[in-house]
Amino acid sequence: MSKRQVRLVAHFPGVNSTTVWSDPESGSQIDFASFEHFARTAERGFFDYVFFAEGLRLREHGGQIHDLDVAGRPATLAILAAIASVTEHIGVVGTLSATFNEPYELARQLATIDHLSGGRVGWNVVTSPDAFHGGNFRRGGFLPYDERYTRAEEFVTLAKHLWDSWQTGAVTADQQLGRFVDPALVQRVTHAGPQFDVTATSTVPRSPQGYPVIVQAGDSPAGRDFASANAEVIFSRHTGFADGQAFYRDVKGRLPAVGRTEESLLILPAATFALGDTDAEAREASREIGFAQTTPQTAVAWIEAIWGQELPGLDPDGPLPTVEPQETEQRQGQAATKIDRAARAAELRDRAQRDGLTVRQLVAAETASHTFVGSAETIASEIDRYVQGRASDGFVLVPHLTPGGLDGFVDQVVPLLQERGVFREQYETDAASGAPVTLRRTLGLPTPPGPADASSLRATTERETAEAAA
């Protein structure tokens, strides 16, 4: 029986507290050279794709711009286009909101880059329901929290109709006229639903991979349902082995009900790592990296976010505050998780007392522990164990340095995965032309069939519009 193959993704940290800014090798989050080095390293390691986060607004802490934020949050679509131009095989995937974009324009932009890259684009679909982000946009925080997946599902459905609206053969070659469009094979998309009312004709032919690979990161019951119906890759936070197996079974167990197979959806948790020549050296490196990631200022800000209030005079090298938490938000602009503040504070106090930890040591232990710690052999073995044990299909690696934090992994761990026969030694190319294949084919995902003809698309659109209005 052949071994399951490991999928690897490289995450360029863009909205994070992961990067160790104090390290002399830490580079820019805005210079193109950083993005290029990172992407080329991932491609040298035969990764499936490189993944870019997006922040629509600078975070705030206590009502002020958060001075621990990353230095620069450039627009994702521009990065995807730029990186596609300096790579040949690796996919480029970006985070883009279904709340603060419009289906026609985003579908058009993604399809354009998909064409220019030879079919190597993916879209990480996120929802942004809060008024803080909405303040940057005309409608503000108009979307109730419980409607975010309703909008996202309708958004993705409409985008797929637009991507499918050019039939095979719609662009025709002619010796005298060059290339022209056969109007009979281009369908106008008409959609009227709770979120969108659109009558549009796509300006872009169907791309080499049908449409971009759909990535999603939601973990709520609604998020899991959305993923099982729409996503082709899940960017998961379930990094423990048993936890990963449970999440894997739950989400993939939902697929048959929507007519999908296990292989049509990949689950790729985010993973950090600390690499050393020996396991002992790696454990020491992990402690050092975790402490460097948690500056005194970072530790205080993190505790204030949990406690829901400013804590003037809190010593990062001292004990936790004795005051009780308040039900207020100190931090805005990052993924929010609803918590019981009193219960969370009690957990932290118990751990600090049990392990004799200062504020900074506690925050480092809570936020800066690494998924994989060890020698190259140990890390390769663990990654293989997770994939063979169906705790994941692979990992989205998040290094602690930009842009060179992936170099050691590519040089040391990737060759060992290749020796185990669980990771590619080269990218696949098209047998006939020798050209690079699409991201879908690299990931082993099916190509969307597309409508058989214009009439089938019209019937599908009219049916879904009627269902949405009912």
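Arg206 is partly exposed in this predicted model, its relative accessible area coming to 22%. Its salt-bridge partner is Asp164, and the closest N and O atoms of the two lie 2.9 Å apart. Asp164 is buried, at a relative accessible area of 11%. The two labels differ because buried means under 20% relative accessible area. Follow the chain and you will find Asp164 in helix H5 (residues 148-164), while Arg206 sits in the loop between strand S10 (197-200) and strand S11 (213-216), so this bridge ties together parts that are 42 residues apart in sequence.

How many salt bridges does the structure hold? There are 26. Side chains of opposite charge can pair when their charged atoms come close. With that in mind, let us visit a few others.

Take Arg254 and Asp225, whose closest N and O atoms are 2.5 Å apart in their salt bridge. Here too distant parts of the chain are linked: Arg254 belongs to the loop between helix H7 (241-253) and strand S13 (266-271), Asp225 belongs to helix H6 (residues 221-230), and 29 residues separate the pair. Is Arg254 buried or partly exposed? Its relative accessibility of 23% makes Arg254 partly exposed, and Asp225, at 42%, is partly exposed as well.

Next, look at Glu366 and Arg344, which form a salt bridge with an N to O distance of 2.7 Å. This pair connects two helices, with Glu366 in helix H11 (residues 359-367) and Arg344 in helix H10 (residues 341-355), 22 residues apart. Glu366 is partly exposed, having a relative accessible area of 25%.

Now for a helix pair. Two packed helices are described by the angle between their axes and the distance between the axes. For helix H2 (residues 76-86) and helix H3 (residues 103-116), the angle is about 15° and the axes are 10 Å apart. Angles under 35 degrees count as roughly parallel, and H2 and H3 are therefore roughly parallel to each other. The crossing of H2 past H3 is left-handed.

Which residues of H2 and H3 meet? From H2 come Leu77, Leu80 and Ala81, and from H3 come Leu106, Gln109, Leu110 and Ile113.

How values were computed. Residues numbered from 1 in each chain as written. Predicted model: local features only at pLDDT ≥ 70, side-chain atom pairs only at ≥ 80, totals over all residues. Heavy atoms only, no water. Salt bridge = Lys/Arg side-chain N within 4 Å of Asp/Glu carboxyl O. Helix = DSSP H or I, 4+ residues; strand = E, 2+ residues; numbered from the N terminus. Buried < 20%, exposed > 50% of the residue type's maximum accessible area, 1.4 Å probe, protein only. Axes fitted to C-alpha atoms, helices over the stretch in contact; angles between N-to-C directions. Parallel < 35°, antiparallel > 145°, perpendicular 65-115°, else oblique. Left-handed = near helix turned anticlockwise from the far one by under 90°. Contact = heavy atoms within 4.5 Å.
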